[in-house]
Amino acid sequence: MTLNFTASDYYQIDDLLTTEEKALRMKVRECMEKDVAPIMAEYWEKAEFPFHVIPNLGALSIAGGTIKGYGCPGLSITASAIATAELSRVDASCSTFMLVHSSLAMLTIALCGSEAQKQKYLSSLAKLKAVACWALTEPDYGSDASGLKTTATKVEGGWILDGHKRWIGNSTFADVLVVFARNTTTNQINGYIVKKNAPGLTATKIENKIGLRMVQNGDIVLRKVFVTDEDRLPGVNSFQDTSKVLAVSRVMVAWQPIGISMGVYDMCHRYLKERKQFGAPLAAFQINQEKLVRMLGNVQAMVLMGWRLCKLYENGKMTAGHASLGKSWITLKARETVALGRELLGGNGILSDFLVAKAFCDLEPIYTFEGTYDINSLVTGREVTGIASFKPVVASRQRSRM
Ligand SMILES: Cc1cc2nc3c(=O)[nH]c(=O)nc-3n(C[C@H](O)[C@H](O)[C@H](O)COP(=O)(O)OP(=O)(O)OC[C@H]3O[C@@H](n4cnc5c(N)ncnc54)[C@H](O)[C@@H]3O)c2cc1C
C-alpha cells in the first residue's frame with residue numbers, strides 16, 4: 001500500500017518552506033513511494049536491509065545534509081529535516097540508515113576531522129558509494145555513554161583499540177566506522193576512523209528486534225585493532241566534543257517521529273473513509289473522528305516545534321536543551337499518535353503490510369536512541385533549572401557515609 005496523499009499537512013505548513021525545500025521534499029517522497037514503499041514490509045519482516053536501494057538514496061543527494069564542500073549537498077538544516085521526515089513517512093529504517101551515516105558519522109568527520117580526512121572520506125560517503133556507522137555506546141554504557149570502557153593505547157605510528165560496542169546501526173556492512181574510545185594516557189574520549197575488515201574487528205548483527213528491523217544494528221568487538229595516526233579524529237578530545245554532533249543529529253532524530261506520524265495519519269485518514277462497519281464508513285463514528293483529530297493536532301504541533309528548532313539552529317540560537325526538548329516531546333506525542341493509528345486500523349493495525357503496525361513498532365527504538373525520552377528531558381531540565389539530576393542522590397549519599 002503506497003502513500004501519495006498528505007492530508008496530514010492540515011495547517012499548510014508547506015507554506016513555511018522555500019521553493020528548494022519543497023522541491024527536495026517532492027524528490028525524496030517520489031523515491032520513497034516508488035522504490036521503498038513496495039518492498040519495505042517484505043524486508044522489514046526478513047529483518048534485512050534492501051542494499052539495492054542504496055544507489056537510489058545516494059542519487060537524492062541528501063547524504064551529508066548540512067555539510068558544505070567535499071561533494072556534500074550543503075543543505076539548510078530545514079531542508080535536511082524535511083528530507084528526514086519524508087524518508088520516515090514511508091520507512092523509518094531507511095531514515096535511520098541515513099541518519100547514522102549522515103548526521104552522526106559524516107558530521108563527526110566534518111566537524112572533528114582533519115582536512116585530509118574530510119578530503120579522503122566525505123565525497124564517497126556523500127554519494128553513498130561507501131557507508132558509515134557511528135560507534136559510541138557499549139553493553140554497559142548506554143545512557144551513561146561518557147563512562148565508556150573501550151580503550152585506545154598509543155603505539156608507534158598509531159593506536160590500538162580494544163573493547164566492545166553495542167547497538168551500532170549499519171555496522172555489519174559499513175565501510176567506515178567512527179569509533180569512540182578512551183585514551184589510556186589522558187583518560188579522555190577520543191574518536192577514530194576504523195576501516196571495514198580491519199584485523200581484530202568483528203561486527204555481529206543483533207537479532208530479534210521488534211522495531212527498525214531493516215536497520216542492521218551490530219555488536220562490534222575490537223581486539224587489538226590498529227588505527228594509524230592519520231585516522232585519529234583530531235577534533236575529539238573529550239566526551240563534550242560528541243555533543244557538537246549530537247545537537248544537530250537530535251534535530252534530525254526529532255524529524256523522524258514527525259515523518260512517521262505524518263505517514264500514519266495519512267494512512268488512517270484514507271482507511272477510515274474506505275472501510276465500512278455497520279453500513280457506514282469508519283470515519284462516520286464520532287469516537288474515530290476524535291482519535292483522528294487528536295492525531296492531526298499532534299502532527300501540526302510536532303511539525304511546528306520541529307520547524308522552530310531548525311530556525312533556532314539556523315539563527316545560531318539553538319541550545320542543547322532546545323534540541324533535547326524537541327527530541328523528547330516529539331517522540332512522546334508521536335508515540336500517542338501511532339498508538340491511536342494502530343487502534344483505528346483494528347485487526348489490520350497489527351499487520352506490517354498496512355504501514356501503521358510497522359510504524360508503531362519502529363517508533364519504540366526512536367523513543368530510546370540518541371538519548372532516551374528521560375535522558376533528553378533531564379538535559380532540558382538541567383538547562384532550565386541549572387541543576388543536573390542524572391546521578392542518583394542515593395548513590396552519592398552512600399559514598400559520603402563510607
Ligand atoms: C535500534 C537502536 C539503534 C541504535 N543505534 C546506535 C548507533 O548507531 N550508535 C550508537 O552509538 N548507539 C546506538 N544505539 C544505542 C542507544 O543510544 C542506547 O540504547 C540509548 O542511549 C539507551 O541506552 P541503553 O539501551 O543502555 O538504556 P539504559 O541506559 O540502560 O536505560 C534504561 C532505562 O533507564 C533510564 N535511565 C538511564 N539512566 C538514567 C538516569 N540517569 N536518569 C533517569 N533515567 C535513566 C533510561 O531512560 C531507560 O528508560 C541504538 C539503540 C537502539 C535501540
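Reply: A residue is called buried if 20 or more other C-beta atoms lie within 10 Å of its own, exposed if 12 or fewer, and partly exposed in between, with C-beta atoms placed from the backbone. By that count, buried residues make up 47% of the 402 residues in the protein. This is a predicted model: local features need pLDDT of at least 70, side-chain atom pairs count only at pLDDT 80 or more, and totals for chains, interfaces and linings use all residues. Numbering starts from 1 along each chain, as its sequence is written.

Now the ligand. Its shell holds 22 residues, and Leu136, Gly142, Ser143, Thr372 and Asp374 come nearest. A residue is near a molecule or strand if its C-beta atom, placed from the backbone, lies within 6 Å of it. The shell divides into 12 nonpolar, 8 polar and 2 charged residues. Here Ala, Val, Leu, Ile, Met, Phe, Trp, Tyr, Cys and Pro count as nonpolar, Asp, Glu, Lys and Arg as charged, and the others, Gly among them, as polar.

Four elements each supply at least two shell residues: strands E3 (132–135) and E5 (158–169), and helices H10 (356–368) and H11 (373–385). Helices (H or I, at least four residues) and strands (E, at least two) are DSSP runs, numbered from the N terminus. Domain 2 (132–233) and domain 3 (240–385) both give residues to the shell, so it lies between them. These bounds come from an automatic or database domain assignment.

E3 runs parallel to strand E6 (residues 176–183), joined by 4 bridges; two strands pair if DSSP finds at least two bridges between them. Ala132 has Val176 as its bridge partner in E6.

What does the record say about this region? An unreviewed UniProt entry places "domain: Acyl-CoA oxidase/dehydrogenase middle" at residues 133–225. UniProt positions follow the numbering used here, feature names are shortened, and annotations may be inferred rather than shown by experiment. Over residues 133–225 the chain is 0% helix and 53% strand, with its end C-alpha atoms 17 Å apart. The unreviewed entry also lists "domain: Acyl-CoA dehydrogenase/oxidase N-terminal" at residues 18–127. Over residues 18–127 the chain is 71% helix and 4% strand, and the end C-alpha atoms are 24 Å apart.

The protein has 12 helices and 12 strands. Its radius of gyration is 21 Å, close to the 21 Å that the globule rule gives for 402 residues, so it is as compact as a globular protein of that length. That radius is taken over C-alpha atoms, and the rule is 2.2 Å times the number of residues to the power 0.38. Along the principal axes, the C-alpha atoms fill a box of roughly 75 × 55 × 40 Å.

Most residues other than glycine have a negative phi, and most peptide bonds are trans. Phe278 is not a glycine, yet has a positive phi of about 55°. Phe278 sits in the loop between strands E11 (276–277) and E12 (280–281). Phe278 counts as exposed, with 7 C-beta neighbours inside 10 Å.
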